[in-house]
Amino acid sequence: MELNRVAVTGAGMMGTAIAQVVAMGGYPVSVRDIDSDFLNRSKTNIEKKLNALVDKGKLSEENAKKISSRMTFTEDLSVAVTEADLIIEAVPEDLELKRKVFTELEKIAKPSAIFASNTSELSISSLASSTRRPKQVIGTHWFFPPQVMKLIEVIVTPETSQETLETTVSFCKSIGKETVICKDAQGFITSRAISALVVECMRIYEEGIASIEDIDKAMRLGFNHPIGPFQLMDMSGLDVVYHALEGLTEVYGDRFEPGRKMADLVKTGHLGQKTGNGFYNYRK
Ligand SMILES: NC(=O)c1ccc[n+]([C@@H]2O[C@H](COP(=O)([O-])OP(=O)(O)OC[C@H]3O[C@@H](n4cnc5c(N)ncnc54)[C@H](O)[C@@H]3O)[C@@H](O)[C@H]2O)c1
C-alpha cells in the first residue's frame, strides 16, 4: 500500500519530533492537538530545530523551507486526518484516552488508513478493538529524541494484517529508521527490558549495596550505557516510569514492582528533572 500523507495526533514532546522526522523524510504531515498552545509550541520547536540544522550546515535553507511547507498544524481533527494514509497517535499514555482517540479517528479517517500508536507499553489489541479496522492497527514505538534515535519498535497483534506490517516497516525505512518486530505483549521488547534493569538497580540501592551515583556510574562505564538508570528515570519523569511499572506488575507480577524510594518520591511530587528533584537534585 502506498502512503502519501501522514497525520500525527498529539503535538507533545513525541508527536512534535515524530512530525519533524516524517516531514524531513519527504511526507506531507498534519499535526493535530486539542490545545492550541501545544500546537504553537510544536510549530515553533520544529522551526527552531530546522534553523539549528541550517546554522550547523546540516540542512540547506531551501530544504528547511520545503520541510516546513510540508507541515500543517490544526486543532481540527477532520482537517488533520481525512486525507491521511497513516495516522500516528502520540497522545498521553492513558489507555482510555487512546481508545477514545481511536474511536474518533475511525469515524473520519479514510477506510484504508493505518492507525499506528506510539504507546510505550499499552495493549495494541485493546486499541484495535476500539475501531472497526483491527487489521490496520499497529504499534510504532519511537524513542526519545526521535530525530536522533534510529529504532522504531513495530508491534503487531494477532489481527494486524501482513499488508499493514509491510507498509509500516517500509514507511519506517523510507524515513531512515530501523525496525524490530514484536508481538503485542505488555511492555513489548524495550520497555520490558529497561524496566527489569531499573527495578533491579532500585533493589541494589534499597538493599544498601551501593549508592545511586555509583550504580549509575557502573552502568555507564561498565556497560557503555549513555546515562545511568536513575538519571534515565529522572529524565523520563518518575510518574511516567512508576505508571509503566505498575502496568508491568499487573501483567507479570511483583518482579516489576517499583521500590519504596520511588513510591515515596512520586507521592511527594518529586518527579525528576521536570520538578527539579527526583533521585537527583537539579536545583543545586
Ligand atoms: N516521552 C518519551 O520519552 C516517550 C518515548 C516513547 C513513547 N512515548 C509515548 O508517546 C506518547 C506521547 O508522549 P509524550 O511524552 O509526547 O506526551 P506529552 O504529554 O508531551 O504530549 C501529549 C500531547 O497530546 C495532546 N493530547 C491530549 N489529548 C489529546 C487528544 N484527544 N487528541 C489530540 N491530542 C491530545 C496533549 O495536549 C499533548 O500535547 C505516550 O503514549 C508515551 O508513552 C513517550
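## Overall size and make-up

A compact globule of 284 residues would have a radius of gyration near 19 Å, and because the chain has 20 Å, its value agrees with that expectation. This is a predicted model, and every value in this report should be read with that in mind. Taken along the principal axes, the C-alpha atoms fill a box of roughly 55 × 45 × 30 Å, and the chain has twelve helices and eight strands.

Of the 284 residues in the chain, 47% are buried. Among the contacts between residues at least 6 apart in sequence, 66% join residues that are at least 24 apart. The accessible surface comes to about 14,100 Å², and carbon and sulfur atoms account for 53% of that area. As for charge, the chain has 34 positive and 38 negative side chains, and the centres of these two sets lie 4 Å apart.

Strand S4 (residues 86-89) runs parallel to S5 and is joined to it by four bridges, with Ile88 standing opposite Ala116.

## A histidine in helix H11

Where does His243 lie? Its place is in helix H11, which spans residues 238-252.

When the neighbours within four places in sequence are left aside, His243 is in contact with Glu93 and Glu121. His243 and Thr157, on the other hand, are 86 residues apart in sequence and 23 Å apart in space, going from C-alpha to C-alpha.

## Backbone details in the loops

Most residues other than glycine have a negative phi, and most peptide bonds are trans. Against that background, which form does the peptide bond from Phe144 to Pro145 take, cis or trans? The bond is cis, with omega near -5°, and Pro145 is found in the loop between strand S6 (137-142) and strand S7 (151-156).

Phe188 has a phi near 50°, which is a positive value in a residue other than glycine, and it sits in the loop between strand S8 (178-183) and helix H8 (190-206). Asn224 also has a positive phi, near 60°, and is again a residue other than glycine; its place is in the loop between helix H9 (212-223) and helix H10 (229-236).

Are these two residues buried or exposed? Phe188 has a relative accessible area of 4%, and because buried means under 20%, Phe188 counts as buried. Asn224, by contrast, has a relative accessible area of 69%, and because exposed means over 50%, Asn224 counts as exposed.

Terms used
Residues numbered from 1 in each chain as written. Predicted model: local features only at pLDDT ≥ 70, side-chain atom pairs only at ≥ 80, totals over all residues. Heavy atoms only, no water. Helix = DSSP H or I, 4+ residues; strand = E, 2+ residues; numbered from the N terminus. Rg over C-alpha atoms; globule rule 2.2 N^0.38 Å. Buried < 20%, exposed > 50% of the residue type's maximum accessible area, 1.4 Å probe, protein only. Contact = heavy atoms within 4.5 Å. Areas by Shrake-Rupley, 256 points an atom, 1.4 Å probe, with all protein chains shown as cover. Lys, Arg positive; Asp, Glu negative; His and termini not counted. Charge placed at Lys NZ, Arg CZ, Asp CG, Glu CD. Pairing = 2+ DSSP bridges.
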